[in-house]
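Subject: Structure handover

Hello,

Here is the structure I promised to pass on. My notes follow below it.

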Amino acid sequence: MGFVPVVEGSPRVESVLVRTARRLRTTTTLVLAPPTRGTRAALVVDPAWEPGELVAIADEVRALGGRTVAGFATHAHHDHLLWHPRLGAGVPRWATPRAAAVAARHRDLLVAEAGDDAARYGGAGHPPGVLDLLGRVDPIPPGEPGVPDPGGRLPPTEVVAHDAHAPGHGALWLPRSGVLVAGDLLSDVELPLPRDEITGGRGAVRDVEDHVAGLDQLAPLVARCAVLVPGHGTPTSDPTPRLAADRGYLEAVLAGRTSDDPRLALPGMVEADRELRAAVEADRRGV
């Protein structure tokens, strides 16, 4: 499936489009500024996932009249740090300072995970040009509220940094269009996954508490946003129930209560729930 508009845009407001990958319904978000002299400055968020899909993303951006001027990675997991040379090998790509530091420190592991992922799913691996660009993101400078845009070509953005799911996870807020690109939170196809696979986290209980704190940081934007785009799953114009569902599930885990979250019926979620609860219990026992 190609890019689908979630905000059509206007001469004063950006267009926002979302593309859903075959694997785990991973989303790529494309922000297109209003046209200027026949072209549209483009911000590409979390391009994913398979080799052919990355090529298609670059081709579709061009077909839509876009010229990529920046990229943004919501967090330092390999499926959110991909980039294709056809999007522009020299295009600046940004992440929160903490996420950028994790990506730099663990880049070899991230590249290895991309290879393991290809083997697991039986597909072709990424070509060398993609692997060379994987994870090469720069930290947003201090004082910058959002994605740096020295040429003033992109619409205003704000980045909300938190530690839910991964250290330095950054949600992207587009105040003009009211779109919140939430990264790997607030999904309809995944339970909250608080434990970071790259750094190992800060202990299961603290990881869950950090995830709840991240949800609290996003709550004011969830209440205001017109469209929520999760990192995996379906964009929605009614995001408040997603916030309540994530909070309710994590509160049940911390309290040791069972959960009736319908996402438990989705592939892999029973195992994820079991592992998280076991880790929280072991953490509390000091094991």
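Helix α5 runs over residues 204-224. At 1.5 Å a residue, its 21 residues should span 30 Å, and the end C-alpha atoms are 31 Å apart, which agrees. The expected span is 1.5 Å times one less than the number of residues. Helices (H or I, at least four residues) and strands (E, at least two) are DSSP runs, numbered from the N terminus.

The model is predicted: local features need pLDDT of at least 70, side-chain atom pairs need pLDDT 80 or more, and totals for chains, interfaces and linings use all residues. Residues are numbered from 1 along each chain as its sequence is written, and side-chain values use heavy atoms, without hydrogens and water.

α5 has a kink of about 45° at L218, shortly before the proline P220. The bend is the angle between axes fitted to the seven residues ending at a residue and the seven starting there.

α5 also packs against helix α7 (residues 269-285). Their axes are 7 Å apart, at an angle of about 120°. Axes are lines fitted to C-alpha atoms over the stretch in contact, with angles from 0 to 180 degrees between N-to-C directions. On the α5 side, A204, V205, R206 and V208 make contact (heavy atoms within 4.5 Å). They meet L276, A279, V280, D283 and R284 in α7.

Now two backbone points. Most residues other than glycine have a negative phi, and most peptide bonds are trans. L24, not a glycine, has a positive phi of about 55°. The peptide bond from A48 to W49 is cis, with omega near 5°. W49 sits in the loop between β4 (40-45) and α1 (51-63).

Best wishes
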